[in-house]
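I opened the model to look up a few local features. My notes follow in the order I took them.

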Amino acid sequence: MHIIRNIKDLRQQIATWRTEGSRISFVPTMGALHEGHLSLVNLARNHSDKIVVSIFVNPTQFGPNEDFSHYPRTEAQDLYRLNTVKTDMVFLPTVEEMYPAGFTTAVTVKGVSEGLCGAFRPGHFDGVATVVTKLFNMVTPDVVIFGEKDYQQLMVVRQLVRDLNMPVQVIGAPVLRETDGLAMSSRNRYLNSIERKTAAQLYTILSKVAEDIRSQKPVMAALLEGIKQLRGAGFSKVDYMELHNADNLQPMPEYKKPARLLVAAYMGNTRLIDNIEV
Ligand code: AMP
């Protein structure tokens, strides 16, 4: 497994693989890797000869009051895990390598980035779109894998790739969950044992609301009931629970397939997100 920290060495290795005719897949991450991330690497293997994983906690996608400085950084363990799933290259650039002095460009994807998390985390998806564009230009992958765990992010990346004619195939990977249903997330490690136990209610309640909507309960009533249940279960703040068109992320006042139910809520100080197909 190649462990690479600067863009020059990355380009050199990619060029070597290109001359060999290899098909390259790419899985961008922020590290603190769990089984969900590894499932993306395993999926990547079905689509390529070489797998590149990046680990970069991207400062531009965090708001001023968010958790950039204490986001978990577990490099040694991450490298060990990536090696066990036969990753070919891990790219770990520094912030200075990614954003040298004088950097001024930002990429904005309109529409799909505007509601949901975009409304509660101003600038977040600009940070995502900018870093993803940079990473794609560096790695030049044939295929990229993003998790449906961050469903809106996946939609933003699809829109970005389409709008800017990026020659890359975007594949969405299903959400990997703990046995009690909680979606795996690097941020789950912020939860204390009581919060961790209660956090599983996010998926339980989400599933119940999805079932109500499927069985023709009016969408608004089902969502309001879901929010009430979340608060009752102990979520301190619910940013949103909304039904959207699964393809274009337009809000969906009346249920019609393809639909996606998305939620963001705080368990203590930890903001959790989840979503399911309806
Ligand atoms: P992150 O390190 O949180 O930026 O995530 C890196 C990639 O892993 C993103 O494409 C996420 O959507 C994906 N991911 C994170 N958690 C999960 C999960 N539980 N199941 C599937 N994919 C995930």
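I began with glutamine 216, which counts as exposed at 62% relative accessibility. Exposed means over 50% relative accessible area, buried under 20%, and partly exposed in between, with a 1.4 Å probe and protein chains only. Glutamine 216 sits in the loop between α9 (201-214) and α10 (219-233). Its phi is positive, about 75°, although the residue is not a glycine. Helices (H or I, at least four residues) and strands (E, at least two) are DSSP runs, numbered from the N terminus.

For the record, this is a predicted model: local features need pLDDT of at least 70, side-chain atom pairs count only at pLDDT 80 or more, and totals for chains, interfaces and linings use all residues. Residues are numbered from 1 along each chain as its sequence is written, and side-chain values use heavy atoms, with hydrogens and water left out.

**Other backbone entries**

I then looked up alanine 32, which also is not a glycine and has a positive phi of about 50°. Alanine 32 lies in the loop between β2 and α2. Is alanine 32 buried or exposed? Alanine 32 is buried, at 0% relative accessible area.

I noted a cis peptide bond from lysine 257 to proline 258, with omega near 0°. Proline 258 belongs to the loop between β7 (237-245) and β8 (259-267).

Threonine 74 came up next, in the loop between β3 (50-55) and α3 (75-84). Threonine 74 counts as buried at 18% relative accessibility. Setting aside residues up to four places away in sequence, threonine 74 touches Ala32, Leu33 and Arg189; contact means heavy atoms within 4.5 Å.

**Ligand**

Which residues are closest to the ligand? I found 17 residues around the ligand, the closest being Met30, Gly147, Asp150, Leu176 and Met184. A residue is near a molecule if one of its heavy atoms lies within 4 Å of it.

A polar side-chain atom of histidine 37 is 2.9 Å from a ligand oxygen atom. A polar backbone atom of glycine 147 is 2.8 Å from an oxygen atom of the ligand. A backbone N or O atom of methionine 184 is 2.8 Å from a nitrogen atom of the ligand. On its own the ligand has 480 Å² of accessible area, and the protein covers 93% of it. These areas come from the Shrake-Rupley method with a 1.4 Å probe; for residues, only the protein chains shown count as cover.

Two or more shell residues come from each of β2 (24-29), α2 (35-45) and β5 (143-147). The largest share, 3 residues, is from α2. By class I have 9 nonpolar, 6 polar and 2 charged residues in the shell. Here Ala, Val, Leu, Ile, Met, Phe, Trp, Tyr, Cys and Pro count as nonpolar, Asp, Glu, Lys and Arg as charged, and the others, Gly among them, as polar.

**Cores**

A nonpolar core is a set of buried Ala, Val, Leu, Ile, Met, Phe, Trp, Tyr and Cys residues joined through side-chain atoms within 4.5 Å. The largest has 45 residues, and those with the most contacts inside it are Leu10, Ile14, Val52, Val132, Phe136 and Phe146. Elements that supply at least two residues of this core include α1 (7-19), α6 (124-139) and α7 (151-163). Which element gives the most to this core? That is α6, with 9 residues. Neighbours within four places in sequence aside, valine 132 is in contact with Phe146, Val157 and Leu160. A second, separate core has 26 residues, including Ile213, Ala222, Ala259 and Val263.

**Helix and loop residues**

Phenylalanine 125 lies in helix α6 and counts as buried at 6% relative accessibility. Beyond four places in sequence, phenylalanine 125 touches Ser113, Cys117, Gly118, Gln152, Gln153 and Val156.

My last entry is arginine 121, in the loop between α5 and α6. Arginine 121 is buried, with a relative accessible area of 11%. Arginine 121 and glutamate 66 are 55 residues apart in sequence, and their C-alpha atoms are 9.1 Å apart. Their side chains make a polar contact at 2.6 Å. A polar contact is a pair of N or O atoms within 3.5 Å; within protein, one must be able to donate a hydrogen and the other to accept it, and residues adjacent in sequence count only if both atoms are side-chain atoms.
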